[in-house]
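Me: I have a chain open here and would like to go through it with you. Could we begin with its surface and then turn to the fold?

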Amino acid sequence: LGQRVSTAPDALGGHESVSRDAGTLGDSVRAKVPVRQGDRVVGEVSVGVPVAAVTGQLQRAIASILVIAVLAVALAAGAAALLVRWLRRTTLGLEPEEMAQLVRDQEAVLYGVEDGVIGIGPDGRISIRNKAARVMLELPRRAEAADVVGRPYTEAGFDAALTDAITRQHSGSGSGEVVVRLYSSRRTIRAQVQSVHRDGVDLGQVVLLRDLTAMEDLRSRLTAMQAMTDALRAQRHEFANRLHTISGLLGNGEHEHARDYVAEIMASGPVRDPVENITAVEEPFLRAFIGAKGVQAHERGVQLRVGLETALAGQLVEAQDVTAILGNLVDNAVAAVIDAAPAEPDDRWVEVDLLSEGSTLHLAVADSGAGVAPGLDIFASGVSTRAGAEAGVHGHGVGLSLSRRLARTMGGDVWLADPGGGADGLGAVFAARLPGVLAGAPPTFPTAEENP
């Protein structure tokens, strides 16, 4: 204090200055600022910091920055390693290109097959379903708010049997795969529930749905064709026997007996038909089919007959569907008669009535069985009238349900007209209406003269 400064008082000129000079503090960085009183400069303030102190602070700051940077890099590397490990576990080790290709393959497979596919994650939520599954189970569309994707399978509105099968497989109580059958008014569906694992990781369950309606329809049609084939085989055998008889008579020179035998054949028809009143059915396909069913029923001790009220005109244009429906109804009636209490042979019968109304065929099948038990939903798939161990035999509980589905597909219906089992001792009566199955038959109604 009281001494002259070691450097020039530059700020007295009214300007700030920063410089590095060697002064009483040694080598230092100085800042000089003028002090004003109004517009007049009355002095200056000079501040100096030794360069060595600044260098030390800078070195300490650099060291701290480096330590923080190393810690940050180590932390980032650890987090990246954990993230990569989690991603590999989540994506099952697949690379992005592989995942993109997997998605494309999944879309191609799911929407390129006719079977229904439903994917359920480990958390029990539906992750995916294809169009075939939506159509089979009559689920909401993807654009609708009620779409099942993303919902728990227990809230998807599945059939109770399917939900129970998924639950058993989800809990691990189901071994391998669980197979159930689902039934609707139009379809019979085979559902297969299977767990999926990869590298020890539980990926959830896959439900595979297959529509068996067409297969059961084909089986019913093949059964009808087999019945006709068996009947034709029996007729061929009888034809051969008659030809051998004629040949023997002619060979023995008994021409008169041969002539009488041929006349008898011409009068009674080429073969003996076990179906009473079969001549009322002029349609060749139905006549052949009912005759074939009559042969089968006759072999089982049941008389098949055509009702006296039968009035059928025109030709069948949907022979396969009609024979499938009629065949199922006749087979069910024959089985009901056989399962009923033992009766005299003449009291064991099945009657078929046919009536044409334009292109619509009305038919009824009655029997002498015990009737349908009260409260039994006879058209529910899997429900059978067979008693005891027979009820579990493969194929029972399908015919009536299939017949109704076929009829409704054609725009008609099959129903139970009379459950039977009353005091009159008659069995059940099933009726069917099949539109559009006849051709070349205008509707005919009795006139007032014919039906006063």
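Reply: The accessible surface of the chain comes to about 26700 Å², and carbon and sulfur atoms account for 57% of that surface. Please note that this is a predicted model.

Me: What share of the residues is buried?
Reply: Of the 452 residues in the chain, 33% are buried.

Me: And how many helices and strands does the chain have?
Reply: There are nine helices and 15 strands.

Me: What percentage of the contacts with a separation of 6 or more comes from residues 24 or more positions apart?
Reply: Such residues account for 54% of those contacts.

Me: Let us take the strands. In which sense do S6 and S7 pair?
Reply: S6, residues 177-183, and S7, residues 188-198, pair in the antiparallel sense, with seven bridges. Within this pairing, Leu182 is placed opposite Ile189 of S7.

Me: How many bridges link S7 and S8?
Reply: Ten bridges link them, again in the antiparallel sense; S8 covers residues 201-211. Here Val196 faces Gly204 of S8.

Me: What lies between S7 and S8?
Reply: The two strands form a hairpin with two residues between them. Asp199, in the turn, has a positive phi of about 55°.

Me: Which other residues have a positive phi without being glycine?
Reply: Among them are Glu138, with phi of about 55°, and Asn277, with phi near 65°.

Me: Where is Glu138, and is it buried or exposed?
Reply: Glu138 lies in the loop between helix H3 (131-137) and helix H4 (160-171). Its relative accessibility is 55%, so Glu138 counts as exposed, the cut-off being over 50%.

Me: Where does Asn277 sit?
Reply: Asn277 is in the loop between helix H6 (255-268) and helix H7 (284-299). With 25% relative accessibility, Asn277 counts as partly exposed.

Me: Now the helices. How far apart are the end C-alpha atoms of H8?
Reply: They are 30 Å apart. H8 runs over residues 319-339, and at 1.5 Å a residue its 21 residues should span 30 Å, so the two values agree.

Me: Which ring does the charged end of Arg305 sit over?
Reply: The charged end of Arg305 sits over the ring of Trp349, at 4.2 Å from the ring centre.

Notes: Residues are numbered from 1 along each chain as its sequence is written. This is a predicted model: local features need pLDDT of at least 70, side-chain atom pairs count only at pLDDT 80 or more; totals for chains, interfaces and linings use all residues. Side-chain values use heavy atoms; hydrogens and water are left out. A charge sits over a ring if NZ of Lys or CZ of Arg is within 6 Å of the ring centre and within 35 degrees of the ring normal. Helices (H or I, at least four residues) and strands (E, at least two) are DSSP runs, numbered from the N terminus. Buried means under 20% relative accessible area, exposed over 50%, partly exposed in between (1.4 Å probe, protein chains only). Contact means heavy atoms within 4.5 Å. Accessible areas come from the Shrake-Rupley method with a 1.4 Å probe; for residues, only the protein chains shown count as cover. Two strands pair if DSSP finds at least two bridges between them. The expected span of a helix is 1.5 Å times one less than its number of residues.
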